[in-house]
Each structure stands twice: as structure tokens, then as C-alpha cells.
Amino acid sequence: IHKGGKDSKGEVPPEEGEKLFTQVREAIGNATTLENLSQVLSTNRELVGGLSTDLRSDLNKIATSRKKELRT
């Protein structure tokens, strides 16, 4: 049971977070189909969960934008 306070849900150190962010951003950009994009997001979901809120938000925006591109 959650007792309140800050969740530390496997947070990664900032320098590792930036590296992971870059890798996932590139993988999102390299996705050529919606299915491939979905696989990239699914594969990296747990790792991305350890990123800072700002980096997770940025990746979400990048993924949403890429999804729109692939739909056209």
C-alpha cells in the first residue's frame, strides 16, 4: 500500500536519463510504421518510466507527433 510521499519508481540518474532519452527519441524517429512505433514504445515503457517528468513528457510529444506523421 502506498503510504504517500515521493515515488522513486526506479528513477535513473540525470546523465543516464539523457542518454536513454536520446536513444528512445531516435528509435521513435526511425519507426517506419504504426506497428513498429507501437513496438518501440512498448519495449521501452518500463525504462522510460524512470525518466524525469519533463523527459517523459517530451518523449510523449515526440511519439504523438511521429504517430501523426505515420498516419498520413
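Begin with the whole protein chain and display its surface. The accessible surface comes to about 5,500 Å², and 49% of it belongs to carbon and sulfur atoms; such areas come from the Shrake-Rupley method with a 1.4 Å probe, and for residues only the protein chains shown count as cover. This is a predicted model, in which local features need pLDDT of at least 70 and side-chain atom pairs count only at pLDDT 80 or more, while totals for chains, interfaces and linings use all residues. Residues are numbered from 1 along each chain as its sequence is written, and side-chain values use heavy atoms, with hydrogens and water left out.

Next, switch to a cartoon view. The chain has three helices and zero strands, which run α-α-α from the N terminus on. Helices (H or I, at least four residues) and strands (E, at least two) are DSSP runs, numbered from the N terminus. Of the 72 residues, 25% count as buried; buried means under 20% relative accessible area, exposed over 50%, and partly exposed in between (1.4 Å probe, protein chains only).

Now select residues 14-30, which form helix α1. Its 17 residues reach 24 Å from the first C-alpha to the last, close to the 24 Å expected at 1.5 Å a residue; the expected span is 1.5 Å times one less than the number of residues. Within α1, colour Gly17, Leu20, Phe21, Val24 and Ile28, which are buried. Seen down the axis of α1, these buried residues fall within an arc of 110°, so they line one face of the helix; the arc is that of the directions from the helix axis to the C-beta atoms. The face turned away from the buried side carries the exposed residues Glu15, Lys19 and Asn30.

What covers the buried residues of α1? Among the elements that do so are α2 (34-48) and α3 (53-71).

Select Val24 next. Leaving aside residues up to four places away in sequence, Val24 touches Asn44, Val48 and Leu59, where contact means heavy atoms within 4.5 Å.

Move on to Asn44, which lies in helix α2. Is this residue buried or exposed? Asn44 is buried, because its relative accessible area is 15%. Its side chain reaches the backbone oxygen of Val40 at 2.8 Å.

Finally, select Val24, Ile28, Leu37, Val48, Leu51 and Leu59, the residues with the most contacts inside the largest nonpolar core, which has 13 residues. A nonpolar core is a set of buried Ala, Val, Leu, Ile, Met, Phe, Trp, Tyr and Cys residues joined through side-chain atoms within 4.5 Å. Helices α1, α2 and α3 each give two or more residues to this core.

How values were computed: A polar contact is a pair of N or O atoms within 3.5 Å; within protein, one must be able to donate a hydrogen and the other to accept it, and residues adjacent in sequence count only if both atoms are side-chain atoms.
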